[in-house]
Amino acid sequence: MNGLSPLGPPEILASLGVSFRLHEHPDVTSPVEVCAALGVPLERTVKTLAFVTPEDRLLLAAVPGHARLRYGALARAAGVRRSDLSPADAGRLARAGMQPGGVSPVSADRSAMVVFDGTVSGLGRVHCGSGRPGSSIEIEAAQLTAAVPGITTAPIAALPADGPP
């Protein structure tokens with residue numbers, strides 16, 4: 001980078017001409033806290049978990065908010081071993097224009113690998129991270145997946161048996 005702060009997810013989406021709404025709320029980090037702050041159901045959120053590979057490549061996994069990530073499936077989709085996945089720290093996230101608690105599948109890191117669960121694009125209007133814990137992005141899920149270049153789509157989420165399909 002050139003010493004300037006990287007663009008955050010809202011700025012990236014705006015530069016692409018994608019329609020979205022930014023919602024401010026108290027700094028919260030868990031999907032349940034975000035839902036309570038916004039008054040939206042967990043099924044209408046997309047949570048993104050951030051990892052780094054041994055080569056320091058950022059790997060973002062986007063799943064429905066009420067689902068659990070299947071780590072082995074993510075590793076297979078990314079072409080890495082499960083043991084190679086390490087949580088991304090605050091410094092690595094900052095280089096991608098994000099902070100812990102606000103991770104988004106939209107990243108300033110052009111080399112990031114982004115894996116969406118196959119169910120995400122059909123979720124309709126969703127809320128996802130904005131890059132910081134004090135706001136969230138409301139966007140059509142299909143527009144969100146279309147705005148991220150070079151995504152991989154794979155069955156990486158374990159959905160609750162009593163949740164939406």
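Author: Leaving aside neighbours within four places in sequence, His 25 is in contact (heavy atoms within 4.5 Å) with Val 34, Ala 37, Leu 38, Pro 133, Gly 134, Ser 135 and Ser 136. This is a predicted model, in which local features need pLDDT of at least 70 and side-chain atom pairs count only at pLDDT 80 or more, while totals for chains, interfaces and linings use all residues. Residues are numbered from 1 along each chain as its sequence is written, and side-chain values use heavy atoms, with hydrogens and water left out.

His 25 sits in the loop between strand E1 (21-24) and helix H2 (31-38); helices (H or I, at least four residues) and strands (E, at least two) are DSSP runs numbered from the N terminus. With 10% relative accessibility, His 25 counts as buried, a word used for under 20% relative accessible area, with exposed meaning over 50% and partly exposed in between (1.4 Å probe, protein chains only). Its side chain also makes a polar contact with the side chain of Ser 136, at 2.7 Å. Such a contact is a pair of N or O atoms within 3.5 Å; within protein, one must be able to donate a hydrogen and the other to accept it, and residues adjacent in sequence count only if both atoms are side-chain atoms.

Another side chain to look at is that of Arg 92, in helix H4 (residues 90-94). Arg 92 is buried, at 5% relative accessible area, and its side chain reaches the backbone oxygen of Asp 56 at 3.1 Å. Not counting residues up to four places away in sequence, Arg 92 touches Val 52, Asp 56, Arg 57, Leu 58 and Asp 109.

Asp 56 itself belongs to the loop between E2 and E3 and is partly exposed, at 34%. Its phi is near 70°, a positive value in a residue other than glycine. Most residues other than glycine have a negative phi.

Strand E2 (residues 45-52) also holds Thr 48, which is buried at 10% relative accessibility. Beyond four places in sequence, Thr 48 touches Leu 60, Ala 61, Ala 62, Val 103, Ser 104 and Pro 105.

Just after H3, Gly 79 takes a positive phi of about 75°.
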